[in-house]
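Please look over the sequence and the model below, and keep both in view as you read.

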Amino acid sequence: MNLLGIRVQPQKANFVVVDSSGEQSEIINSELLKIPAALDFPEKLKYVRNSVLDIISEYSIEIAGIRVAEGNSKNLNITRLHIEGVIQEAFSSSSVGSYFVGRKSSIASRLNVSVKDLGNL
């Protein structure tokens, strides 16, 4: 079973594809999705959506997750929030069986590790 994890920044998104079908999980791909600066904002959102859908299709993703911005962030970036929303919509309208949206603390809880052990997600 292939899993997809995404973390968004205003100008890029980091993603990792993991194969969890064996006894040990294996990272299949870890990349940076750079959002072209030359595009206007709606085209950037379209680019992100299409890229995420391509990743889901290419790797036959069954479960996906996105780490969203922390609620207490003092420098909350609206662009990042828009991109996160588009990715969630892409998950919802794709072939992904289930998806998870969470902050660092909820991800740590689901993995049964401390937030400190997650490092710099």
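A surface patch, as the word is used here, is made of residues with over 30% relative accessible area and no salt bridge, where like charges are joined within 9 Å and nonpolar side chains (Val, Leu, Ile, Met, Phe, Trp, Tyr) within 5 Å. Accessible areas come from the Shrake-Rupley method with a 1.4 Å probe, and for residues only the protein chains shown count as cover. Leu 76, Ile 78 and Leu 81 form such a nonpolar patch on the surface, and together they have about 260 Å² of accessible area. This is a predicted model, in which local features need pLDDT of at least 70 and side-chain atom pairs count only at pLDDT 80 or more, while totals for chains, interfaces and linings use all residues. Residues are numbered from 1 along each chain as its sequence is written, and side-chain values use heavy atoms, with hydrogens and water left out.

Consider next the chain as a whole. It has 4 helices and 5 strands, where helices (H or I, at least four residues) and strands (E, at least two) are DSSP runs numbered from the N terminus. Their order along the sequence is β-β-β-α-β-α-β-α-α. The accessible surface of the chain comes to about 7,400 Å², and 49% of it belongs to carbon and sulfur atoms. A residue is called buried under 20% relative accessible area, exposed over 50%, and partly exposed in between (1.4 Å probe, protein chains only); by this rule 34% of the 121 residues of the chain count as buried. If contact means heavy atoms within 4.5 Å, then residues 24 or more positions apart account for 51% of the contacts in the chain with a separation of 6 or more.

The strands can be followed from the start of the chain. Two strands are said to pair if DSSP finds at least two bridges between them. Strand β1 (residues 2-9) pairs with β2 in the antiparallel sense over 8 bridges, and these two strands form a hairpin with 2 residues between them; in this pairing, Gln 9 stands opposite Lys 12 in β2. Strand β2 (residues 12-19) also pairs with strand β3 (residues 26-34), in the antiparallel sense and over 8 bridges, with 6 residues between them in the hairpin that they form. Here Phe 15 has Glu 31 in β3 as its bridge partner. With strand β4 (residues 61-67), by contrast, β1 pairs in the parallel sense over 6 bridges, and Leu 3 stands opposite Ile 63 in β4.

Leaving aside neighbours within four places in sequence, Asn 2 is in contact with several residues, including Val 18, Ile 28 and Tyr 59. The side chain of Asn 2 also reaches the backbone oxygen of Tyr 59 at 2.5 Å.

The loop between β2 and β3 holds Ser 21, which counts as exposed at 54% relative accessibility. A polar contact is a pair of N or O atoms within 3.5 Å, where within protein one must be able to donate a hydrogen and the other to accept it, and residues adjacent in sequence count only if both atoms are side-chain atoms. The side chain of Ser 21 makes such a contact with the side chain of Asp 19, at 2.7 Å.

Side chains of opposite charge can pair when their charged atoms come close. A salt bridge is a side-chain nitrogen of Lys or Arg within 4 Å of a carboxyl oxygen of Asp or Glu, and the whole structure contains 2 salt bridges. In one of them, Glu 89 is joined to Arg 49, with the closest N and O atoms 2.6 Å apart. Glu 89 lies in helix α2 and Arg 49 in helix α1 (residues 41-58), so this pair ties together parts that are 40 residues apart in sequence. Glu 89 is partly exposed at 35% relative accessibility, and Arg 49 is partly exposed at 27%. Glu 84 and Arg 80 also meet in a salt bridge, at 2.8 Å from N to O. These residues are 4 residues apart in helix α2, so about one helical turn separates Glu 84 and Arg 80. Glu 84 is buried, with a relative accessible area of 3%, and Arg 80 is buried with 14%.
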